[in-house]
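Hello,

Here is the structure I promised to pass on to you. Please open it first, and then read my notes below.

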Amino acid sequence: MHEVSIIQSVIEIVTQKALENKLTKINNVSLKIGELSGVMPESLHFAFDSCIQGTMLEESTLSIEKVSALGECKDCNLQFPIEHFNKLCPNCKTFCSSVVRGYELYVNTIEGD
Amino acid sequence: MSEIKVVESILHTHEELTSRNKQVFNEKGIYVINMMSSPGSGKTSLLEQVISKLKGNVRIAVIEGDLYTTKDAERIEAQGVPVVQINTGGACHLDGKMIKGALESFNLDDVDLLVIENVGNLVCPAAFDLGEDIKITVLSTPEGNDKPLKYPRMFEDSGAIILNKLDLLEFTNFDKAEFYKDINSLNAHATIFETSCVKDQGINELCTWLNHQIDHKKTRSWITPKIGLPEMIK
């Protein structure tokens, strides 16, 4: 799913942060990706390797931290792990009213010189 | 070597534009639908039917998203409502910037309901909010009842789901009981409609529900900015 446009956006964000922090070379880019976001880490790696050519990120590596999905029950306030097809509160068996995390898609940290 | 904490959303440019679009919709009290489905599920046909039934009472505008051609926009234009075609030129979804550009073509003071017909695609559009009040996903019976499980995100995020082409049900192996079971496990809060455009089935129910949503948005938007209102009521 649109992994190339995601990586292009990552390159923009990282380049801007690098310039703000007077870095001239990026060594690592670390992303946080929620497991419900629909983005495949394998495809991101593939897109990253292709898109960083000729940019400041050219020699950098990509780390991806997967964020597990967590829902919250409005009846008992319990927070519990959810999946696409299983969002029932283990206590009350009601459908989870809000997703606390799992849709993340952000640049967490960068390392550079 | 130094490590820098960034914590910036990868989609931040899109999200900023979307939130500005949403603010405009709320200020003007416009109810906005992001209509999604795979290609050929009948989004445009449904829209034609809804427009023909609602246009006497509701001021409707439509944004048509397609990779290429103005075929859908021409069909909507024939209904006599303002329409803007966005051609993404191959991109798989609409985003905040495209919507912002399209909005410039409308007089938003004359719009109660804005329907954004997204690019036919069950995957990518689900990840891009457009500032809408509701996402509506259309699934047609010939596509098969397995689609919600295969493409969960879109069905998961939808406030309403329309099961279309009900007239073809008997010619397919679509299992309605399985469909309802799967939707219930994915998104128990979704309102579900069953429709057939050729048999004019379920469209009135959909329109009644839409009218209610549009009225609700108008009331809400009228009350929200008037902070002094409780004082006046006293």
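Two strands count as paired if DSSP finds at least two bridges between them. Helices (H or I, at least four residues) and strands (E, at least two) are DSSP runs, numbered from the N terminus. Please keep in mind that this is a predicted model, in which local features need pLDDT of at least 70 and side-chain atom pairs count only at pLDDT 80 or more, while totals for chains, interfaces and linings use all residues. Residues are numbered from 1 along each chain as its sequence is written, and chains are lettered from A and ligands numbered from 1 in the order in which they are written.

Let me begin where the chains meet. Strand 6 of chain A and strand 1 of chain B form an antiparallel pair over six bridges. One of the residues involved is A:Y106, whose bridge partner in strand 1 of chain B is B:S9.

The contact as a whole takes 23 residues from chain A and 23 residues from chain B (two residues are in contact if their C-beta atoms, placed from the backbone, lie within 7 Å). On the side of chain A that touches chain B, helix 1 and strand 6 are the elements that give two or more residues. Strand 6 of chain A provides the largest share, eight residues.

Next, have a look at helix 1 of chain A. This helix runs over residues 3-20 and reaches 26 Å from its first C-alpha to its last, close to the 26 Å expected (1.5 Å times one less than its number of residues). Its buried residues are A:I6, A:I7, A:S9, A:V10, A:I13, A:V14, A:K17 and A:A18. They lie on the same side of helix 1 because they cover an arc of only 165° around the axis, taken from the directions from the helix axis to the C-beta atoms. Here buried means that 20 or more other C-beta atoms lie within 10 Å of a residue's own, exposed means 12 or fewer, and partly exposed is in between, with C-beta atoms placed from the backbone.

What covers these buried residues? The cover includes strand 1 (26-34), helix 2 (41-51) and strand 6 (105-112) of chain A, together with strand 1 (2-9) of chain B. The face turned away from the buried side carries the exposed residues A:Q16 and A:L19. Just after the helix, A:K22 takes a positive phi of about 55°.

Finally, chain B has nine helices and eight strands. Of its 234 residues, 44% count as buried.

Enjoy exploring!
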